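I opened the notebook today to look up pockets and aromatic contacts. Here are my entries, in the order I made them.

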Amino acid sequence: MILDEQDLRQGMKFIVGTWEPDYIVNAFSNDLAHIPASEFKSDDGRDFTALKFVFFEDHTVEMTDSSSGKSEKGEWEQTSYGEYRYTLNGFLDIPEGFLKENVEKLTVNENDLVFSLGFLAVALKKTAEGQITEVRDIGDREMSEADEAAVGIVGKYEVVEAMAFLGGEFKRFPKEEVKADLDKRLAAGEIDGEEVKDTMKPFGAVVEFTPGHKVRTWMPLPEGVSDAELREAVESGEILAVDGGMFAVEEKKWKSLDGKYYYDTGEHRESFGETLSSWDELKTDENGLIEYGSGMMLLKKI
C-alpha cells in the first residue's frame, strides 16, 4: 500500500505522544481475556506498567523502563495504514530474528497499539498527546515575488484522458479509446447517440490557467442558443463568460509555491473529523500531462 501525504500526516498525529501498556492477551489462554498490564507479573514481581514509549514527530522514539532505570532511543516509521515499525535497539534483551521482528511491529487495534512478545500480545494505550508542528494550508500561504513570476502553467489545456467505464473497468481512459468503444457499441445497437454524447462530454472541456491565477473551465456552446440568451446568462451570473464558441462554467484559483503549482478544488474534505485542505498539487507526468479534477482527468496543453 502506498501512503500519500495525507495518510502519513494522520498516522503521525495518531502515534506521536506517550504510550503505556494497558492490557496483555495470552495466546494460549482459553478465552483470550484482556489481563490488565499491572496484573501480569514476571517471576521477579515486575509488570509491564514500568514500560513507557514516547514517539516524536522527527520519527524517533524514546523507551524507558522505570523498574530498572533503563532508557533507549530508536526510530519509527509508518509502513501501511494502521501499521508501524520501530527499532528496539538495546532496550529489550531480545536476539535478532522472528521474535524481535514481531516486537518491533506495531498494529493499530481500535485506539491501541499492539505488539507481540512471544505468545503475548501487549496493547499500549496513549496516555499523553505529543507535539506536532502545524502545517500551514496552501490556501493560507502567500506567493513570493518568485512565485508570482512562475507562470509556466498559464495556457489552455484539452482533456486527453477522463474517467469512463470500458472493458469492465471504471478508470481513466484516453479519448481515442473511449470514442472507439462507443462507436463499436453504437453500431451494435447497445447504446444510443445521447449516451455517446454524455460519455464524451468531459473530453469537450478546455481548462484555462490565466495569468491572473484563475482556473476557468470552458465547454462548447449548446446548439440553438441565441446571443440574447447568452448575454442574459452572463449578466445573471448563470455562466461566467462566452468566447470563441465556448462558455465558462466555473472559476477556481491557482497559485505557485516553492516551484510547485496548486489549485483550489473548492471541495470540502474531512478525515476523522479534521478538515483537510481543498487545494491539490498540479502534478506533471513524464509526458508533460497534468492530473486534474482529483485525478479524474489528464490535461494536455493546447
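**Pockets and rings**

I began with the lining of the largest pocket and found that helix 1 gives it the largest share, 7 residues. I took helices (H or I, at least four residues) and strands (E, at least two) as DSSP runs, numbered from the N terminus. A reminder to myself: this is a predicted model, where local features need pLDDT of at least 70 and side-chain atom pairs count only at pLDDT 80 or more, while totals for chains, interfaces and linings use all residues. I number residues from 1 along each chain as its sequence is written, and side-chain values use heavy atoms, with hydrogens and water left out.

I noted about 1200 Å³ of space for the largest pocket. Of its 37 lining residues, Glu 5, Gln 6, Ile 138, Ser 277 and Trp 279 are the closest to the centre. A pocket here is an open set of points on a 1 Å grid over the protein atoms alone, where a 1.4 Å probe fits, with protein on both sides within 12 Å along at least five of seven lines; lining residues have an atom within 4 Å of a point. The volume is the space filled by probe spheres set on the points, which are joined across faces, edges and corners.

By class, I listed 11 nonpolar, 9 polar and 17 charged residues in that lining. I counted Ala, Val, Leu, Ile, Met, Phe, Trp, Tyr, Cys and Pro as nonpolar, Asp, Glu, Lys and Arg as charged, and the others, Gly among them, as polar.

Next I looked up the second largest pocket, at about 370 Å³. It has 18 lining residues, and Arg 46, Phe 48, Leu 51, Asp 65 and Leu 92 come closest to its centre.

Then I turned to the rings and got 12 aromatic pairs, with ring centres of Phe, Tyr and Trp (its six-membered ring) within 6.5 Å; planes under 30 degrees apart are stacked, over 60 edge-to-face and the rest tilted. Phe 55 and Tyr 86 have centres 6.4 Å apart and planes at 80°, so I logged them as edge-to-face. Phe 55 is in strand 3 and Tyr 86 in strand 6, so this pair ties together parts 31 residues apart in sequence. I also saw that ring pairs link Phe 53, Phe 55, Tyr 86, Phe 91 and Phe 115 into a cluster.

Last, I checked for charges over rings (NZ of Lys or CZ of Arg within 6 Å of the ring centre and within 35 degrees of the ring normal). I found Lys 255 over the face of Trp 279, 5.0 Å from the ring centre.
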